[in-house]
Each structure stands twice: as C-alpha cells, then as structure tokens.
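Please look through the model below before reading on. The numbered points that follow are meant to be checked against it, one at a time.

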Number of protein chains: 2
Amino acid sequence: MPTVYDLTHPLENGMTFYPGDPEPRIVPAEMTPPWRVTELHFGTHSGTHLDAASHFVPGGKTIDQYPLTRFILPGVIVPVTQGDDEPIPPQAFAGVAGEAVIIRTGWDRFWKTERYLRHPFLSPEAARYLVEAGVSLVGIDALNVDSTARGTSHAHEILLGNDVLIVENLAGLEQLAAGKAYRFVALPLRLAGLDGSPVRAVAW
Amino acid sequence: MPTVYDLTHPLENGMTFYPGDPEPRIVPAEMTPPWRVTELHFGTHSGTHLDAASHFVPGGKTIDQYPLTRFILPGVIVPVTQGDDEPIPPQAFAGVAGEAVIIRTGWDRFWKTERYLRHPFLSPEAARYLVEAGVSLVGIDALNVDSTARGTSHAHEILLGNDVLIVENLAGLEQLAAGKAYRFVALPLRLAGLDGSPVRAVAW
C-alpha cells in the first residue's frame, strides 16, 4: 500500500458547522465498564462531507443511489489563489483533466475561526466549465462551493443539477502535489434516501 | 476500477441495533427549500462499524489513533457453517492467510429479526488463533464477534487486547468468493478520541 493521506477534519464537540445546520454533538453513552460506546449527533453535512443531488435538486439522487465507483476516483489537486469571498474563475481549471477535481484554497487553516465563513467560491462560469469538462466530483477545502457570505447557490445548482458530486470541508491538501495524479476516496455512509454524508476523505 | 462490492447494511430508522446501545434515529432538519439536510443520531457501534481497542480495553487506542493503512487491507473471506449461538472453532481458520479475515456466517439474512441476536461467535481459541496468525482486522456478518445471547466478551478481549481491529454487522458477503484475495476497505469517520465508528465497508 502506498502512503495514504488523510484529507478530513476531526469530528468533535466545538467543531465548525454551517450556520443553521444541526450542531455536531458527541456524548458518552451509559455503558457497563469496561465497555465504552458514544452517542453521535450530526447533520448529513457535518465536517468533511459529500453532497448528493437531493441536497439541492428536488427529486435528485440520494447518497445511496450512486454507484460506489463514483466515490473512488482518479483525481488532481488544483491550487487557487483567490482570497476572502472571492470567486474562482474558470481559467483556474484550464487544461485540468481528472474525474475528481480537488480545489486547494488553503482555507482549512481558518477552520474554527470566523474567517472560515469568508472563503473563496466557484463562480457560476467555473462550475459550468467543470461540468463541460466531464468532471465527476468536485472537492474543496472550504465550507461551501458557493459563497457563504452572499448566500448564493449557483455552484450547487450547476454541479448537483448536472450529476457532479461535491465534497466540502476537505483538510490537509498541502500534503498533495499539484499536477500529480492521486486515487481519491470519499465513501459515504449507507444512509438510505438521504441528501449527503460525513466521510473519511483520503488519497493515495 | 474493478467491481466494488458493498458490504454494508443501510442506516435507517427501524434498523437493528445492539441491545442497550443508542437507538439510531434519522430526522429531517428544518431547512429553507429546496435545501435538504438531515439530522443523524447514531452510536459509534451502529450498523456496519469498526471497534477500536478503547471500546473494551481501558486506555486502549481510539479510532483516530490507527494509521489509515489499517483500514485498507488485503483480505480473504472465510465461510463458516456454525448455527444459532454456536462457537466457531480455530480449525475454521486453518491455513488462512491475509491481513483482513472476513467471516461469512450468512447471519446478515436475519438482520431486523430476533434471530439476528443468536448468531455464531468466535470461540476464545479461535480468537487466539487469529492473533497468533498475525491478522490485523477481523470482520463478521453478525452483530458481535462474541456471543450476544451469553453476554460473554472473550473475543473482544483477545482481539482488541492484541491490536486486532473488529468490523461487525457486515452484509452481502455472498458476493465474494472464498479463497480469492480482495482489497477490503472500511475507513472510520475521523472521530476524535472515540471507541469506534460506523463505516461504509467495501471490497474490490
């Protein structure tokens, strides 16, 4: 097995979550020692997670309706240089080829701070460019492929409306080299009929 | 990508869970349409899941303390013929080689029935045999590697006490051929300091 890189934020009490989403909460369950079990209270979009089409598209695919091969993809890292609440233009993806396109904004370093909400986002033109390039999954190391500050939803609409999966809140993308090919794995829990899932995102 | 087999039970309301564990509960979150988000209430051992040493061993490793390569292993399927609450003897594993040993009892067909609680289980001798064989992970398509009916814990004690991971509640193992080598993947959520995790278990 080659080196496996962890691209996932820890799930823990006090972690960052999308404003208005269920607040992640972890509580020890009452058990007879030495047994230890824990209660997990999350949303489908807590931490590093996948969006299924049904997160935004009425009647769209639920997370258990995709073939597993959609979550195990050859992919590339695309570093971008946009700053606070700035749109990423389609030019950032010129010449990019890969079934998974993973956008490295560096915003994961602001996780648990207010600035994490003012991340760069995909312009509608960039989202359309990725659809036309035949990308299967778009990942980002930020809270949202759309602008959280502006409350817009163009990128979700364009990607999920065209059968492109989204992974948000990736972490540690600086471990991966731009231009190099990786196997990117982000398998969802088998959540029957639901709109997304927390994942353990890895690459090798 | 070769065929990827899903070895996971769906997570849904009304699913089977270990008596005394937190009851899995899935509830739609209040969102502005068309956005759809769902609240997940699970235990660390709900559905198809991994046990970390700290599930049973005081001071044992938590699920985030294992290298990721412990969850991505070459493995084999071992069919066994034991019936209701019968111990699996060490002879069942004679000559078995593989970092992951996945035990096929066929008990997943009783999921959601009372009989699911009266599954075959690992005898202490079989658990010791697997430790001595240098196995890294033991999986089973039943609720528990120990007897649920008798409430014993020998296999957990022996496996987790010797740095062997456990996956319980696997499903669909009839898709895999005995004697053939597979890549077995069961990545846990990145649950900081916790005792186990629901997983999407797959093989290819």
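In which sense do β1(A) and strand β13 (residues 202-203) of chain A pair, and over how many bridges?

1. The two strands pair in the antiparallel sense over two bridges, and the bridge partner of D6(A) in β13(A) is V202(A). Strands here are DSSP runs of E with at least two residues, helices are runs of H or I with at least four, and both are numbered from the N terminus; two strands pair if DSSP finds at least two bridges between them.

2. This is a predicted model, in which local features need pLDDT of at least 70 and side-chain atom pairs count only at pLDDT 80 or more, while totals for chains, interfaces and linings use all residues. Residues are numbered from 1 along each chain as its sequence is written, and chains are lettered from A and ligands numbered from 1 in the order in which they are written.

3. Chain A holds an open sheet of nine strands with mixed pairing, in the order β1-β13-β11-β5-β7-β9-β10-β4-β12. Because β1 (5-6) and β12 (196-198) of chain A stand at the edges with a single partner strand each, one side of each is left without a neighbour in the sheet.

4. Strand β5 (residues 72-79) of chain A pairs with strand β11 (residues 182-185) of chain A in the antiparallel sense over four bridges, where I72(A) stands opposite V185(A). With strand β7 (residues 100-104) of chain A, β5(A) pairs in the parallel sense over five bridges, and there G75(A) stands opposite A100(A).
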